[in-house]
2 protein chains.
Amino acid sequence: MIAEIISIGDELLIGQTINTNAAWMGQELNKIGIDVHQVSVITDDEQHIRKALDESRERVNIVLITGGLGPTKDDITKTTLASYFHMPLIENEEILISIKERLKSRKLEMNELNRKQALVPANARVFLNKWGTAPGMWFEDKQNVFVSMPGVPTEMKGLMTEYVLPAIQEKFHPPEIIHKTLLTMGTIEARLADLLEDFENELPAEIKMAYLPSSPIIKLRLSARGQDRSLLEKLLKKQINKLYEIIPDLIFGTEPETLEEIVGRLLKERKQSLATAESCTGGNISHLVTSVPGSSDYYVGSLIAYANEVKINTLNIPVELIEKQGAVSKEVVLQMAGNVKDLFGTDYSVAISGIAGPSGGTPEKPVGTTWIAIGTPDNCIAYKFNLGTDRLRNIHMASLISLNLLRKNILKAGTVLV
Amino acid sequence: MIAEIISIGDELLIGQTINTNAAWMGQELNKIGIDVHQVSVITDDEQHIRKALDESRERVNIVLITGGLGPTKDDITKTTLASYFHMPLIENEEILISIKERLKSRKLEMNELNRKQALVPANARVFLNKWGTAPGMWFEDKQNVFVSMPGVPTEMKGLMTEYVLPAIQEKFHPPEIIHKTLLTMGTIEARLADLLEDFENELPAEIKMAYLPSSPIIKLRLSARGQDRSLLEKLLKKQINKLYEIIPDLIFGTEPETLEEIVGRLLKERKQSLATAESCTGGNISHLVTSVPGSSDYYVGSLIAYANEVKINTLNIPVELIEKQGAVSKEVVLQMAGNVKDLFGTDYSVAISGIAGPSGGTPEKPVGTTWIAIGTPDNCIAYKFNLGTDRLRNIHMASLISLNLLRKNILKAGTVLV
């Protein structure tokens with residue numbers, strides 16, 4: 001069973017608004033076994049809307065339309081739908097009362113524009129909008145269902161959850177579908193595909209896999225589809241276990257948990273604490289760690305030692321060491337990790353020093369050279385990476401790589417990683 | 001001149017990825033006078049891609065396609081385009097060399113999948129991808145241009161900026177369009193619209209204004225469209241001067257300069273330095289400041305004092321003060337600003353302490369309560385804000401508000417702000 005989403009609105013086309021509605025609807029439809037086959041974002045124009053309706057009914061059974069239902073004059077979806085389905089517009093008393101009450105509670109008078117919102121196509125099924133004024137509308141025409149909803153996210157989500165999704169399930173009885181997404185880090189997509197070639201070829205017919213790269217993370221999404229949910233769950237579990245056997249070092253978690261949440265959970269479970277000392281990432285590791293609610297349970301703080309003076313005066317790195325080895329060096333980053341752990345009295349620490357770019361590189365230490373050290377209860381271990389030349393990308397990559405190294409060290413506490 | 005964007009990828013349809021690419025492309029096309037007429041998000045399926053190409057060429061002149069160019073087998077855009085335009089795939093030596101070098105710099109071997117990325121349709125114009133491995137491709141067919149790019153945002157943006165947008169301008173000579181975007185902070189959209197009602201009504205026909213809110217910033221984009229560029233520039237300048245007269249305290253800059261770049265420039269011009277002491281923002285202010293290339297010229301570092309122990313032991317905040325006033329208080333945040341300025345020896349400082357949420361609030365200090373202090377060469381000034389209940393939004397808002405207060409204090413150095 002497949003659906004199309006038609007999003008109406010110039011604000012989407014000029015990029016003023018990002019189409020988060022379509023993503024949310026795709027997720028929710030997917031959960032009840034409906035595939036979104038196409039999303040079409042179109043202008044507030046009658047001919048364009050008619051054309052999109054004609055095209056969509058050729059492709060899919062279910063067409064979900066958002067936008068163009070506000071009271072202002074650039075919103076013409078409702079009159080277009082009424083004329084497209086050859087229905088007159090009639091005033092709906094239930095909607096009229098609900099709009100009146102809504103306005104009254106906000107101490108506003110009913111005007112002509114509001115009154116027009118109570119007009120609905122005569123034979124459409126109407127869903128009362130408790131989250132705003134424009135109602136949802138359900139049209140059936142031959143094998144197709146068309147549903148029109150406002151574009152305001154809270155109103156669309158309310159109508160979808162309360163009325164539209166249940167009505168679709170009742171009418172179409174879609175198949176079961178289960179997604180599971182594994183998170184990997186440590187290699188590039190082509191190499192991962194090599195490692196998983198046999199695995200992919202041996203996948204049962206019910207399961208498909210997709211690579212979703214967002215450097216340095218590559219997500220592996222497995223989707224199982226069929227009639228018997230418990231059978232699908234079993235099949236999926238078996239394949240996921242296989243993946244853990246093939247690439248145990250690359251998988252770091254499963255969605256919806258993020259890397260920073262995983263690190264936080266591991267520390268919380270062990271009642272251990274973390275501090276960081278950042279140079280080239282300039283606070284981004286700290287920002288990621290503290291994005292997680294409850295991070296104050298395990299995160300103590302950070303010293304962002306951007307200038308060498310801070311490394312020397314507050315983090316007690318010997319000036320001679322920086323002069324001899326350079327601030328971006330194994331020796332300095334190891335001392336940073338050890339000293340920040342001592343300074344803040346934590347079990348773990350992450351220290352990082354690198355050349356984020358775009359300038360500041362040398363032949364021996366080009367832009368992208370990055371040293372990371374992880375301080376554990378037993379020792380400190382340093383790692384070197386050569387990242388790229390893009391400053392923001394380097395900061396992003398270095399932050400996630402650091403957190404993944406921290407994760408590995410927490411799991412292998414007591415064992416030195418090579 | 002109108003364009004269509006075809007975004008290919010199941011991850012967009014199931015809502016795993018939000019289509020930010022289409023929004024960015026819509027904005028950029030708009031800037032050079034090209035309107036996006038439709039965005040079509042479709043599956044990784046040959047027939048679906050062919051159908052979308054057929055439909056789009058009926059609607060528009062320019063079709064921009066993203067996605068489906070990775071090396072793994074779920075990516076079939078390139079072979080579909082080659083067959084659609086009746087071109088064989090041939091190996092492109094320049095691309096092959098560039099992929100080899102890219103892999104070599106990451107110490108990876110070339111495999112068959114990488115090698116396939118160097119295949120391109122024989123008569124397509126090829127854009128070398130410096131940001132990844134899959135090249136951009138430009139096809140001309142009768143009156144239409146079709147451009148294929150990878151779906152990875154950094155790669156698409158690099159190709160668009162460097163090659164595709166200039167090539168579109170060269171071929172289609174769209175009308176002159178000049179955008180100027182003023183950045184404001186300090187009020188809500190409805191209030192800003194009130195203040196600017198007369199201004200909007202008096203705008204000349206060539207100029208339109210749009211409100212682009214992304215809390216706490218509201219951008220005001222003025223667009224002038226016509227044939228005579230120097231006339232448009234004159235008209236625009238006059239209106240911008242008018243805006244500066246109406247809302248001088250709200251405007252903080254003009255695009256493309258960001259708030260963090262403005263603050264950096266002001267410090268650099270004055271040869272002054274900055275340190276921060278963050279609690280609730282957890283390093284995000286530091287991250288913003290250090291996102292700017294060259295920030296090491298004025299930014300010294302930060303103490304992320306997430307735990308009270310760090311505030312007490314490293315930042316020397318008296319334990320009695322925290323016990324009496326609470327960590328989220330005027331008194332504590334003023335001391336944080338003063339002490340971090342002394343500790344790191346800087347001219348300016350920003351200190352912040354608040355309740356980011358979702359929990360941790362009390363009746364007197366609900367979630368969102370945020371104290372910010374700015375340390376200047378002369379004194380320290382504290383400000384209180386009541387933000388919302390959403391943790392990530394609070395961190396984002398508090399960081400930008402802090403930088404704007406810093407900016408105001410740098411400009412009025414010596415004068416105490418009320």
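## Close-up views of a predicted two-chain model

**View 1. The largest nonpolar core and the residues with the most contacts inside it.** In this predicted model, the largest nonpolar core has 128 residues, and those with the most contacts inside it are A:Val333, A:Met336, A:Val340, B:Val333, B:Met336 and B:Val340. Apart from this core lies another, of 87 residues, which includes A:Leu13, A:Val164, B:Val36 and B:Leu81. In soluble globular proteins, nonpolar side chains tend to be buried together. When neighbours within four places in sequence are left aside, A:Met336 is in contact with A:Ala277, A:Lys311, A:Leu315, A:Ile317, A:Ala351, A:Ser353 and A:Ala373.

**View 2. Strand β2 of chain A and its two pairings.** Strand β2 (residues 35–42) of chain A is mostly covered, with eight of its eight residues buried. Within the chain, seven bridges join β2(A) to strand β1 (residues 2–8) of chain A in the parallel sense, and A:Ile8 has A:Ile42 as its bridge partner in β2(A). Across to the other chain, β2(A) is joined by four bridges to strand β2 (residues 35–42) of chain B, and these two strands run antiparallel, with A:Val41 standing opposite B:Val39.

**View 3. The contact between the chains and the β14 pairing.** The contact between the two chains takes 60 residues from chain B and 58 residues from chain A. By class, the side of chain B that touches chain A has 27 nonpolar, 27 polar and six charged residues. Strand β14 (residues 299–305) of chain A pairs with strand β14 (residues 299–305) of chain B over five bridges in the antiparallel sense, and A:Gly301 stands opposite B:Ala305 in β14(B).

**View 4. Domains 2 and 3 of chain A.** The domain assignment of chain A gives domain 1 (2–172), domain 2 (176–254) and domain 3 (259–411). The C-alpha centres of domain 2 of chain A and domain 3 of chain A lie 31 Å apart, and the contact between these two domains takes six residues from domain 2 and seven residues from domain 3. The side of domain 2 of chain A that touches domain 3 of chain A has four nonpolar, two polar and no charged residues.

View 5. Helix α5 (residues 93–105) of chain A, with 13 residues, reaches 18 Å from its first C-alpha to its last, close to the 18 Å expected at 1.5 Å a residue, and α5(A) is followed by A:Lys107, whose phi is positive, near 60 degrees.

**View 6. Backbone angles in the loops.** Most residues other than glycine have a negative phi, and most peptide bonds are trans. The peptide bond from A:Ser215 to A:Pro216 is cis, with omega near 5 degrees, and A:Pro216 is found in the loop between β10 (207–214) and β11 (217–226) of chain A. In chain B, the peptide bond from B:Ser215 to B:Pro216 is cis, with omega near 5 degrees. A:Lys271, which is not a glycine, has a positive phi of about 50 degrees and lies in the loop between α11 (259–269) and β13 (274–278) of chain A; A:Lys271 counts as exposed because 9 other C-beta atoms lie within 10 Å, the limit for an exposed residue being 12 or fewer.

Key. Residues are numbered from 1 along each chain as its sequence is written. Chains are lettered from A and ligands numbered from 1 in the order in which they are written. This is a predicted model: local features need pLDDT of at least 70, side-chain atom pairs count only at pLDDT 80 or more; totals for chains, interfaces and linings use all residues. Domain bounds come from an automatic or database domain assignment. Ala, Val, Leu, Ile, Met, Phe, Trp, Tyr, Cys and Pro count as nonpolar, Asp, Glu, Lys and Arg as charged, and the others, Gly among them, as polar. Two strands pair if DSSP finds at least two bridges between them. A residue is buried if 20 or more other C-beta atoms lie within 10 Å of its own, exposed if 12 or fewer, and partly exposed in between; C-beta atoms are placed from the backbone. A nonpolar core is a set of buried Ala, Val, Leu, Ile, Met, Phe, Trp, Tyr and Cys residues joined through C-beta atoms within 7 Å. The expected span of a helix is 1.5 Å times one less than its number of residues.
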